[in-house]
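Subject: Structure for your files

Hello,

Here is the structure I said I would send. My notes on some of the strands follow below it.

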Amino acid sequence: MTKAAEEPVLLNVLHLLPLLLLHVAPVCLSAQHGRPARYSGHIAENSPAGTPVEGVRIPLLIAGCPGADPDLSLSGNYASDFKLVYNNEHLNHLVLVSAKPLDREFIAMYELKVELSPRCQRRPAAIQVEVSDMNDNIPRFTFGNKTVQIDELTPLGTELARFDAKDGDAQRNGRVTFYASPESNLLHVVPQTGQVRLVGSLLGVSQVILRLYVKDGGDVTLIGEPVYLSVSVRKSSRARRRVRALSEDLTYSVTVPDHIRVGDLVFTVPDQKFEQRWFEVISEADSPVQIERDSGRLYLARDLREPAEVVVKIQNLRGDEWYLCRLTLSTPSQADLQWAMFPSPFLATISPDASPSSVVYRLSARQRDGTLEQAQFLLLDGGEDCFEVDRRSGMIKITGRPLTPSREYLLRVQAVDGRGRKGPPATVFILAGYRPPQFTNSTYSLNVPEDTPVGQSVAVVQAISFQKKSLSYMLLVNPGNLFSINQESGAVSLTRTVDYESGHNLHNLQVRASEADTGLSSVAEVTPPLQK
């Protein structure tokens, strides 16, 4: 082909190039226009209609977008649960608000889309809305009451039953904890798992009934209705004759070293009377030691904060004789001190902006007989160098280091008497911010005789405000409306007379103490058994 023939071909190609560009360019623009802008927002469960969704603010090209209906542009599953409204301050923005109170248990996450005309909106908006959880579900046991039958010589630590519970809330609000009320010195409930284990001897016991509760982890704790575990104890298959006590008892004084830890061997109870024997601790439920039944070895079960008396029964397995071994446990450096602060646990608050040397809390100690003790106070650990303890006055002050808002600091403290002997350690919990009210008791147990007049106070349930605010009291759980409470004083009284023979011999109450200005509140349980 000649050069002259090549030129028309090149001109034809150049002539078509603008057409090709015009054809390709709209495709690229259309792809860019169709890519949605993504927003992630959240809204609290059960918020009233009209509550804005945090994190969703859609810009407009034209203020007010004349002629457009924002709600018609909103699509997605259950899109009718929301509305689009113009920002009050800037009409060139749309805000997503709720159209009704939302239930996280029904829908936890919404996927929505907003698409207006191109003159109002540069590109569509894809919105993901998470409904954050509120503690609005009371935990409930999966199954009801349970009955088990065991041998009286069942080994300590045996799991007798296991309970399960469910809570419809999420995360911490839905985390359940199990406990018994009143507590038993024979059975222990594992808080996290709901297991019930044997921790005390069943010799001479025919039946044990344990009442279990489940509570959630919300800031305002919700407590479910209780269930009962009935344990029937049968006599051991090993034949038993009438036992006979020997007149001779053994007595020992045991000094427990300061460095000993829980689980360490403390003492071995001697026995040279019986060829085969059985050892059993028969002292109080909160015994500082546990014993191996076949060897008599005593192990420390908890910190020895004060001298303790332990009584061990030694039983002849081949006869009907038994005798006692009495032990006095003490540590060489133990002081006869106890903490005098009230209530327990020891809680305090401080403003994150408080000036250096501000007093947060005051420690005090006294002797076992109730007299005040001139002690010195030590900060063992904790506090992140943000707090100091005055050794003489017991005042806990801030050092001036910055405090993290809403953080709780744990300070482990100890009192030392004039002879240099150490008292039991304690922990003080200091919150940098606002703390809900604290009840003077974690639970209340009341006795209500049948002849108690209507309106007469049967107990006073009180709390303290860390913000020095006035408190109001309210009954959250009140079966049959049998009780009423004075909103100002916390006095609980009957609304009608009670009849023990009617079968309503136990009523579990929940009392809430609230601060009007801050909205902070706490809940306590009241268990009043009706008595003749």
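Strand β27 is joined to strand β31 (residues 395–398) by three bridges, and the two run antiparallel. Within that pairing, R362 sits opposite M395 of β31. Bear in mind that this is a predicted model.

The pair belongs to an open sheet of three strands, ordered β27-β31-β30 with antiparallel pairing. β27 (359–362) and β30 (387–389) are the edge strands, each pairing on one side only. On average, neighbouring strands of this sheet are turned by 25° against each other, ignoring direction.

Strand β43 covers residues 521–527, and seven of the seven are buried, so the strand is largely enclosed by the rest of the structure. Buried here means under 20% relative accessible area. S521, V523, E525 and T527 point one way from β43, while S522, A524 and V526 point the other way, and both sets are buried.

β43 has these strand partners:

- Strand β35 (residues 443–445) runs parallel to β43 and is joined to it by three bridges. Y444 has V526 of β43 as its bridge partner.
- Strand β42 (residues 509–515) runs antiparallel to β43, with six bridges between them. Here Q510 stands opposite E525.

β42 and β43 also form a hairpin with five residues between the strands, where G519 takes a positive phi near 80°.

Regards

Note on methods
Residues numbered from 1 in each chain as written. Predicted model: local features only at pLDDT ≥ 70, side-chain atom pairs only at ≥ 80, totals over all residues. Heavy atoms only, no water. Buried < 20%, exposed > 50% of the residue type's maximum accessible area, 1.4 Å probe, protein only. Helix = DSSP H or I, 4+ residues; strand = E, 2+ residues; numbered from the N terminus. Pairing = 2+ DSSP bridges. Axes fitted to C-alpha atoms, helices over the stretch in contact; angles between N-to-C directions.
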